[in-house]
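Subject: Structure handover

Hello,

Here is the structure for your files. My notes follow below it.

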Amino acid sequence: STKMSKSFNIENLTLSTPDKAVLASFVESWFDHQNPVLFAGAGLPKYNSAQKPDLPHSSRFADWQELMSELRKRLILNDSQIEKCLPGDPLRLAQVFEVHVGRAQLMDVLAKHVPSNDFEPGLAYRKLLDIPWQAIVTTNYDDLLERAFEERRSVRRIVWDTDLTQRRSPNDLPILKIHGDLQF
């Protein structure tokens, strides 16, 4: 049994019996921790955001592979020799793109593939509001976490090293955007 929502049942998951026991123990122990930290990746906006009703249905969040594909295509320019030299790591590829094409172009590609202005935080975001997070660490470029949480508490976006040293109140929720942010 868990203290989670009634619709969630560990027994319904496709896991081995020992894995289910480990997960159940983890879920039960969650409530014993005083300062939880949320780590949010690309799945949160891709699968848990709600598209604004007045927008075309074609707007969607891309995954890493789609983003990498566009960066590669723009770097290669039909030159197979360049293609062989490009890194497979998405972050390294973005760095190479920024160096060779420019930060403005990189931000344009990211904005195209991360259309956060077309979306609102969905149900998962609202459920996260009830947990007293000490901090949030995210790899996401969008601002859906900030928009979801700023209704309840002051949010402090941390993108650059210098953001870590800025004055903040004890009630601020720090959101560490470790890959960057579309607004910068």
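Buried here means under 20% relative accessible area, exposed over 50% and partly exposed in between, with a 1.4 Å probe and protein chains only. On that definition, buried residues make up 35% of the 184 residues in the chain.

Two points on provenance. This is a predicted model, where local features need pLDDT of at least 70 and side-chain atom pairs count only at pLDDT 80 or more, while totals for chains, interfaces and linings use all residues. Residues are numbered from 1 along each chain as its sequence is written, and side-chain values use heavy atoms, with hydrogens and water left out.

**Overall**

The chain has eight helices and six strands. These are DSSP runs, numbered from the N terminus: helices are H or I with at least four residues, strands E with at least two. From the N terminus, the order is α-β-α-β-α-α-α-α-β-α-β-α-β-β. Along the principal axes, the C-alpha atoms fill a box of roughly 55 × 45 × 35 Å. Contact means heavy atoms within 4.5 Å. Of the contacts with a separation of 6 or more, 63% join residues 24 or more positions apart.

**Helix H5**

H5 covers residues 90-101. The expected span is 1.5 Å times one less than the number of residues. For the twelve residues of H5 that gives 16 Å, and the end C-alpha atoms are 16 Å apart, which agrees. Leu-93, Ala-94, Val-96 and Phe-97 are buried in H5. Seen down the axis, the buried residues fall within an arc of 160°, so they line one face of the helix. The arc is taken from the directions between the helix axis and the C-beta atoms. Those buried residues pack against H3 (64-76) and H6 (103-113).

At the start of H5, a side-chain oxygen of Asp-89 comes within 3.2 Å of the backbone nitrogen of Leu-91. After H5 comes Gly-102, with a positive phi near 115°.

**H3 against H5**

The two helices pack at an angle of about 30°, with axes 10 Å apart. Axes are lines fitted to C-alpha atoms over the stretch in contact, and angles run from 0 to 180 degrees between N-to-C directions. Residues of H3 that meet H5 include Trp-64, Met-68 and Leu-75. On the H5 side, Pro-90, Phe-97 and His-100 are among them.

**Asp-143**

Asp-143 sits in the loop between strand E4 (135-138) and helix H8 (144-149). Asp-143 is buried, with a relative accessible area of 12%. Beyond neighbours within four places in sequence, Asp-143 contacts Ser-116, Arg-157, Lys-177 and Gln-183.

Best regards

Conventions
A polar contact is a pair of N or O atoms within 3.5 Å; within protein, one must be able to donate a hydrogen and the other to accept it, and residues adjacent in sequence count only if both atoms are side-chain atoms.
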